[in-house]
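Colleague: I am new to this structure. Please take me through a few of its features, one at a time.

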Amino acid sequence: MVTMQDVAERAGVTKQTVSNVLSGRVAVRPATEARVRAAIAELGYVPNLVARSLATGSTRTVGLFVPTVSTAFYAEVVEEAEDVLDAHGYRLLLCTTRRDGERARRHLAGLTSRSIDALLIAGDQGLTDHLPLLSRTRFPVVLCAWETRAPAEFPVVTVDYEHGGYLAGRHLRELGHRNVAVLASPAHTLRVNGFRRAFAEDGLDVPAGAVHLAPEPSFRAGIEAARAALTAHPSATALFATHDVLAVGALEAARDAGRSIPDDLSVVAHDDTPEGLLMRAIENTTPTEPRPGLLQPTLIARESTARRG
């Protein structure tokens, strides 16, 4: 087995220099680093990650919690997070909660005794009640895409969901829509509130009966919620979906009902592109301050909406 000492001798450097190149935590002159990496390649050296973690106290591993990878949003979150971590020399440990509170609790309990350098938790379904399990961990924890009230001890990076719903509502109002229905996941209260605020500015009401809940953010749930909405509100000229995947289901339901998109039914949705991962908390040796980060959404007008009247 090739050792770090073998690499050091081949490159003509000390064992500590090889360690510095591998960890990336100490600057090494480019020419020296090139010799070390050439020696690693020539000898086929593979670092002993267990030994390195014991010596440095770092596993170069970051945990990521997501509700699911079956939706495009969270699948892209995972890929973007992995890309950023890889660029910084970290590996990803992925856990899915499947929106199951007990499954989330087991994962969180397991991670408290596992060697990771940081934990990123995306989405809050089934997790909020179990976060106290992480209150005394040695690694930083960051919450992102968080839509319910977050515990004060954790930093949060999230989106202004209420404003996102408001932008969708203003877009439909500017196109002249008055009679609308909403397809919403149960956790998306802020998005619905913002949408209603946009109509209220013009003295219009979006009643509770116009909001049709989808039990989960899925294509099938979007179809069923849209069918219910179109049956209950046949004169509706627009649908607002609080999640992209619900909107995709709504397009299918509209076609089945003989409604033309966007000629006699406009569809607008929340969510488009996930945010990137912040590395600062991982590299910082001091405790992470629980500063909120509120990302402002923007409206992207596509071909699924049209002017009325």
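Modeller: Start with Phe-195, which counts as buried because its relative accessibility is 0%. Buried means under 20% relative accessible area, exposed over 50%, and partly exposed in between (1.4 Å probe, protein chains only).

Colleague: What should I know about the model itself?

Modeller: This is a predicted model: local features need pLDDT of at least 70, side-chain atom pairs count only at pLDDT 80 or more, and totals for chains, interfaces and linings use all residues. Residues are numbered from 1 along each chain as its sequence is written, and side-chain values use heavy atoms, with hydrogens and water left out.

Colleague: How do I read an aromatic pair, and how many does the structure hold?

Modeller: Rings of Phe, Tyr and Trp (its six-membered ring) pair if their centres lie within 6.5 Å; planes under 30 degrees apart count as stacked, over 60 as edge-to-face and the rest as tilted. This structure holds two aromatic pairs. Phe-195 and Phe-199 make a tilted one, with 5.1 Å centre to centre and 40° between the planes.

Colleague: Where do Phe-195 and Phe-199 sit relative to each other?

Modeller: Both are in helix H8 (residues 189–200). They are four residues apart, so about one helical turn separates them. Helices (H or I, at least four residues) and strands (E, at least two) are DSSP runs, numbered from the N terminus. Phe-199 is buried too, at a relative accessible area of 0%.

Colleague: Is the pair of Phe-195 and Phe-240 stacked or tilted?

Modeller: Stacked, because the ring centres are 4.6 Å apart and the planes are at 10°. Phe-240 has a relative accessible area of 0%, so Phe-240 is buried.

Colleague: Which peptide bond is cis?

Modeller: The one from Ile-261 to Pro-262, with omega near 0°. Pro-262 lies in the loop between helix H10 (244–256) and strand S9 (266–269).

Colleague: Is Val-248 buried or partly exposed?

Modeller: Val-248 is partly exposed, because its relative accessible area is 45%. Its place is in helix H10. Val-248 and Val-267 are 19 residues apart along the chain, and 9.3 Å separates their C-alpha atoms.

Colleague: And Glu-76: where does it lie?

Modeller: Glu-76 is in helix H5 (residues 72–87). Its relative accessibility is 32%, so Glu-76 counts as partly exposed.
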